[in-house]
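I opened this model to go through its pockets, ring pairs and backbone angles. The entries follow in the order I looked things up.

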Amino acid sequence: AELMAMPLRQMTAKAIRDWYLQEQKRGESQATRALSMFSGFLDWATGQDEYEDILPANAARHKKVQAVVSPPAPHRTNALQKGQLKAWFSSVDKLENKTMGAYLKALLLTWARKESLAELKWSDVDFRWRAISIHDKSSKTKARRREIPLLPYTESILRSLPRVEGNEYVFVSNRGEGKHIVDARTAMAEV
């Protein structure tokens, strides 16, 4: 947003570097992503006849800018491996909080986003047609949903959960009435 008021002629490597350093104070990964998107905009703009002669060439990719850009985050290495599945399921079954265990299993089996699954309501589960309706990643405000199949094992997990009166959520939090599971990191670390 800060760059919107700046004329295109002033989009020099120094100006972009200074902007990036300000953005970096709010968060490195967010700043790097913003720079990447802005760089894409500049690439597009230099391809437009009316902007071609106005923009400095490759300003966002200049060495002045790249010298201060944080390196990309390393690839995750903490993924569950095929050989670990038996031990993982066994450990999940040993959790004291059975609802949390069911939630972790359902996450693995459905590949749903953690927030989407945590907010799953009983009205979103169709046992008759074996389907689960969940929010899409970018559609909470648009009320768009997608349907995923409810496979037999996942169905058995959901059917084993108690329906708490006055709570519409499938994965009920043990911290308050009418709430759903919010954070599973502690349970996952225990597993």
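Which helix gives the most to the lining of the second largest pocket? I found that helix α8, residues 185-190, does so, with 3 residues. Helices here are DSSP runs of H or I with at least four residues, strands are runs of E with at least two, and both are numbered from the N terminus.

Basis. I am working from a predicted model, where local features need pLDDT of at least 70, side-chain atom pairs count only at pLDDT 80 or more, and totals for chains, interfaces and linings use all residues. Numbering starts from 1 along each chain as its sequence is written, and side-chain values use heavy atoms, with hydrogens and water left out.

Pocket. I noted 15 lining residues for the second largest pocket, and N97, M100, N174, R175 and D183 lie nearest its centre. A pocket is an open set of points on a 1 Å grid over the protein atoms alone, where a 1.4 Å probe fits, with protein on both sides within 12 Å along at least five of seven lines; lining residues have an atom within 4 Å of a point. Its space comes to about 360 Å³, the volume being that filled by probe spheres set on the points, which are joined across faces, edges and corners. I sorted the lining into 6 nonpolar, 5 polar and 4 charged residues.

Chain. I listed 8 helices and 3 strands, in the order α-α-α-α-α-α-β-β-β-α-α from the N terminus. Of the 191 residues, 36% are buried (under 20% relative accessible area; exposed is over 50% and partly exposed in between, with a 1.4 Å probe and protein chains only). Among contacts (heavy atoms within 4.5 Å) with a separation of 6 or more, 50% join residues 24 or more positions apart.

Ring pairs. I searched the whole structure and got 4 aromatic pairs. Rings of Phe, Tyr and Trp (its six-membered ring) pair if their centres lie within 6.5 Å; planes under 30 degrees apart are stacked, over 60 edge-to-face, and the rest tilted. One of the pairs is F89 with Y153, edge-to-face at 6.3 Å centre to centre and 65 degrees between the planes. F89 sits in helix α4 (residues 85-93) and Y153 in helix α7 (residues 152-159), so this pair ties together parts 64 residues apart in sequence. F89 is buried at 19% relative accessible area, whereas Y153 is partly exposed at 40%.

I then checked Y103 and F171: their ring centres are 5.4 Å apart and their planes at 70 degrees, so the pair is edge-to-face. Y103 is in helix α5 (residues 98-110) and F171 in the loop between α7 and α8, 68 residues apart. Both are buried, Y103 at 3% and F171 at 0%. I also recorded a cluster of W88, F89 and Y153, linked by ring pairs.

Backbone. R130, in the loop between β1 (125-126) and β2 (131-135), has a positive phi near 50 degrees and is partly exposed at 47%.

Technical notes. Ala, Val, Leu, Ile, Met, Phe, Trp, Tyr, Cys and Pro count as nonpolar, Asp, Glu, Lys and Arg as charged, and the others, Gly among them, as polar.
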